Structures are given as C-alpha cells and as structure tokens.
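Visitor: I have a few questions about this fold. Shall we look at the model together?

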Amino acid sequence: MVGFITSHVLDTSLGLPAEGVMIELISIKGNNRLLMNSAITNSDGRLDSPIMEKNKFNKGTYELLFYVKEYFENKHKKPNQNWFLDIIPIRFIVSDDSHYHIPLLLSPFGYSTYRGS
C-alpha cells in the first residue's frame, strides 16, 4: 500500500487555522483499539507530516481523535466557560491505497468534516 493520511483543523469561529490541537490516530479491529500515532497542529492548523506514513499504511477502520477542549481553553480564553466539545472522534474506513485527507472545521459549538484531497 502506498497511501497516507493527513489532517488539518480550521477554527471557523475565528476564521483562522487552529494551532495546538492534539490529534491521535487509532486503528480499530473489532473491539480492539490501537494508538498508531499522535501529533499537534502547527501554526497553519496542519500536521508537520502525515499522521499515517506510506510505510505503515493499511486498509481498515480508523479513528482520528481531535482534543479540542484544551485548544478552546487556550485560544478562546473565557473565564468560567462551560465548553460543549471535548474530544471529537471521526471514524472512517480506508479502502484503497490513496491519500486520505480528513480536515476538521471547528467552532465552540459544532464541527464538520469531509474527505479532502
């Protein structure tokens, strides 16, 4: 397999890339979950390298976990804020050996995603 997985996060409430969001990649096989990699978004809201490199790429079910509560606490410094979102899971299936780009469009009260290029 020669594909790879990338991601980025945009804070749509600020109209800016979301710097400092930790992302974990989990492999899911039945009831087993295995942490494959983790990384933190840079000043452009992107990861410095693919979260799954070509040499570790396999078909299967995966989940990206976006740790957004800590990001909101640091970026949207509002005292006594009751945050709605904590960890956002995006579960997806890798079915071929192409590039899977999974972005997260984020605000304090909602999010969206899609398969990008």
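Visitor: Which residue is the bridge partner of Met22 in β5?

Guide: This is a predicted model: local features need pLDDT of at least 70, side-chain atom pairs count only at pLDDT 80 or more, and totals for chains, interfaces and linings use all residues. Residues are numbered from 1 along each chain as its sequence is written, and side-chain values use heavy atoms, without hydrogens or water. Strands are DSSP runs of E, at least two residues, and helices are runs of H or I, at least four, numbered from the N terminus. In β5, Met22 has as its bridge partner Ile40.

Visitor: How many bridges join β4 and β5?

Guide: Two strands pair if DSSP finds at least two bridges between them. β4 covers residues 22-29 and pairs with β5 in the antiparallel sense. The number of bridges is eight.

Visitor: In what order do the four strands of the open sheet run?

Guide: The pairing is antiparallel. The edge strands, each pairing on one side only, are β5 (32-40) and β7 (87-94). The order is β5-β4-β6-β7.

Visitor: Is His8 buried or exposed?

Guide: His8 sits in the loop between β1 (4-6) and β2 (9-11). Buried means under 20% relative accessible area, exposed over 50%, partly exposed in between (1.4 Å probe, protein chains only). His8 has 7%, so this residue is buried.

Visitor: Which side chain makes a polar contact with the side chain of His8?

Guide: A polar contact is a pair of N or O atoms within 3.5 Å; within protein, one must be able to donate a hydrogen and the other to accept it, and residues adjacent in sequence count only if both atoms are side-chain atoms. The distance here is 2.8 Å. The partner is His101.
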